[in-house]
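Please look through the sequence and the structure shown here before reading on. The paragraphs that follow go from the chain as a whole to its helices, its charged pairs and a few individual residues.

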Amino acid sequence: MTDKTGFNKLTGGLFVIGALVGLYFQFAYHKFLNNDTLSYINIAERYAEGDWQHAINGFWSPMYCWILCLCKLAGLPLLQSCYVINFIVAGLGLYILCSLARRYLTQPLFYLFFSLYALLLMLFYAMSSLTPDLMSAVFCVWFLLLVTDQRFAFNKQIPILAGIAAACAYFSKLYNFVPVNLFLAGLLLWAFFKNKSSRSKQIKPILRTYGVFILFAAIWTTILSVHENKLVITTAGQFNHNFVSPHYKRGYPTNVGLYAPPYEKAYSAHTDPGHMLDDYGWSPFSDTGSFLHQVSLIKNSIRELIFNLDATGAKWLILFTAGLILFINRKKIMPTYDRSIYQIAWFFVCYPLLYLPLFILDRYILTCIILFHLLLFVIAQLAWRFINRKIYVPVIALLLVVSVVPFVLSGQRKLIRSSSEYRYYKSFYQHLPQLSFLKDQPIASDRWSMVQATQLCYHLKCRYYSTWADDQYNSLKQYNIRYLVSQKDLTSFSFLQVKEKLLLEKEPLYIYEIQ
């Protein structure tokens with residue numbers, strides 16, 4: 001059997017090259033941050049200044065903010081820190097994921113294919129949104145690495161580490177409270193009913209992990225609950241539930257209207273949007289229409305889940321074929337594989353459940369995407385021994401190459417688009433000194449210029465009142481907004497006077513003073 005050390009060195013070397021190239025472009029041209037990233041930065045600044053009242057936030061997960069707070073206290077620029085954090089997390093994720101895969105992928109060919117897939121996933125998401133979704137997935141995989149360790153039932157330290165990993169998964173993404181609880185509760189029930197003779201031996205380490213997780217999670221939920229004056233795990237869940245309400249049929253609130261920042265040093269209302277849609281609370285059981293609306297949401301989410309796991313269908317074909325082969329030869333399967341893979345499968349099932357009644361984005365289910373690939377390769381490896389390998393290997397290789405096509409095409413589009421975007425970023429930042437008059441000023445934007453306004457908040461400390469969508473003068477004066485950011489020529493409005501016009505790489509950017 002080929003030594004996997006060489007594969008690890010190859011994967012590690014390719015990751016370093018990819019990370020250096022990605023960081024070069026991000027540092028050289030400064031990728032734009034989005035509203036979510038700006039919110040994390042804003043909260044991190046509140047922590048760094050000791051403003052606990054506004055730093056404690058039930059909408060945005062705290063760990064990313066804590067790390068950025070440390071960067072702020074160390075005097076590091078926070079936007080650039082986000083770049084580096086993403087790649088550090090991706091590197092750790094690749095190492096942990098390959099460690100988990102070595103446990104199940106004993107055939108070098110399958111391990112090599114999986115490690116290259118893991119490399120693609122880590123680099124792709126490290127260079128995507130500057131949000132803690134990748135960090136969340138890495139902590140979930142670390143948690144599974146510990147829980148499925150053969151020493152878990154005998155070593156007292158591993159269950160404690162697993163509990164800490166689960167708590168870190170929760171802190172990095174508050175949503176993780178649900179799948180971790182479902183997963184551990186399922187393990188407890190399985191251990192209780194599976195083997196009565198060794199019940200105590202199996203249950204104790206799970207309870208130890210559960211106890212550590214609940215202890216750490218309870219600290220944060222207590223702080224949040226005191227802050228919100230009610231029991232709260234996260235405020236994002238209720239907001240998202242109301243966002244898909246059949247009675248609310250608009251875009252994201254800050255994208256379709258003007259909102260004042262919630263406190264003096266908040267960049268925008270997006271810093272704490274948890275209660276914006278409280279008036280749109282609903283229940284799928286209140287009437288027939290709401291129930292059918294919920295069913296429709298779940299159907300759409302399942303379709304999105306299937307699509308995000310494999311857009312080409314090639315991997316689903318591999319999974320179906322390998323599963324069929326295993327079913328036909330089920331009596332011949334030798335129990336030599338590591339059965340802790342069932343725990344991985346259980347976590348995979350638990351993870352997306354609370355997203356299904358809402359909506360799904362690929363970064364939300366990154367943990368599922370990673371585990372799906374691991375399970376795919378494990379099942380394909382199990383089917384390996386039952387068919388002609390001279391046929392099986394080329395077919396599997398061809399299908400896997402086909403399944404990489406979306407990555408390649410997406411990367412190609414991203415490269416073509418990014419070459420233009422990065423020139424635009426550079427052009428934008430070169431003109432920032434011309435906009436120094438915006439420092440600490442109240443601004444708004446039209447619906448086409450929200451991204452540019454977000455950058456101004458970070459670099460010039462503007463207070464962003466979100467989106468001017470109704471074209472009415474009174475709505476701007478209601479909030480005493482002084483400047484409007486737009487990529488459009490709005491001089492037809494008598495109350496808008498051009499203060500500055502930036503001739504950027506692709507299109508101009510107007511700064512209007514509101515008369």
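This is a predicted model, in which local features need pLDDT of at least 70 and side-chain atom pairs count only at pLDDT 80 or more, whereas totals for chains, interfaces and linings use all residues. Residues are numbered from 1 along each chain as its sequence is written, and side-chain values use heavy atoms, with hydrogens and water left out.

The secondary structure of the protein chain comes to 19 helices and 5 strands, where helices (H or I, at least four residues) and strands (E, at least two) are DSSP runs numbered from the N terminus. Of the 515 residues in the protein chain, 53% are buried; buried means under 20% relative accessible area, exposed means over 50%, and partly exposed lies in between, with a 1.4 Å probe and protein chains only. The protein chain exposes about 23900 Å², of which carbon and sulfur atoms supply 63%, and these accessible areas come from the Shrake-Rupley method with a 1.4 Å probe, only the protein chains shown counting as cover for residues. Among contacts (heavy atoms within 4.5 Å) between residues at least 6 apart in sequence, 74% join residues at least 24 apart.

Two packed helices are described by the angle between their axes and the distance between the axes. Helix 4 (residues 62-73) and helix 8 (residues 157-172) pack at an angle of about 85°, with their axes 5 Å apart; that makes helix 4 roughly perpendicular to helix 8. Here the axes are lines fitted to C-alpha atoms, for helices over the stretch in contact, and angles run from 0 to 180 degrees between N-to-C directions, with angles under 35 degrees counted as roughly parallel, over 145 as roughly antiparallel, 65 to 115 as roughly perpendicular and the rest as oblique. Pro62, Met63 and Trp66 of helix 4 make the contact with Cys168, Phe171 and Ser172 of helix 8.

Helix 18 is followed by Lys461, whose phi is positive, near 55°. By contrast, Leu10, Leu14, Ile17, Val21, Tyr24 and Phe25 make a nonpolar surface patch of about 540 Å², and Tyr24 is found in helix 1 (residues 5-29). Such patches are made of residues with over 30% relative accessible area and no salt bridge, like charges being joined within 9 Å and nonpolar side chains (Val, Leu, Ile, Met, Phe, Trp, Tyr) within 5 Å.Side chains of opposite charge can pair when their charged atoms come close. The structure holds 10 salt bridges, each being a side-chain nitrogen of Lys or Arg within 4 Å of a carboxyl oxygen of Asp or Glu. In one of them Glu49 pairs with Arg46, the closest N and O atoms being 3.2 Å apart; Glu49 counts as partly exposed at 48% relative accessibility, while Arg46 counts as buried at 4%. The side chains of Arg151 and Asp149 likewise meet in a salt bridge, at 3.1 Å from N to O, with Arg151 partly exposed at a relative accessible area of 48% and Asp149 buried at 14%.

Glu513 and Arg482 also form a salt bridge through their side chains, at 3.7 Å from N to O. This pair links distant parts of the chain, with Glu513 in strand 5 (residues 508-514) and Arg482, 31 residues apart from it, in the loop between helix 19 (473-478) and strand 3 (483-486). Arg482 is partly exposed, with a relative accessible area of 37%.

Asn480 counts as exposed, at 56% relative accessibility. Asp440, another residue other than glycine, has a positive phi near 65°, and Asp440 lies in the loop between helix 17 (389-430) and strand 1 (442-445).
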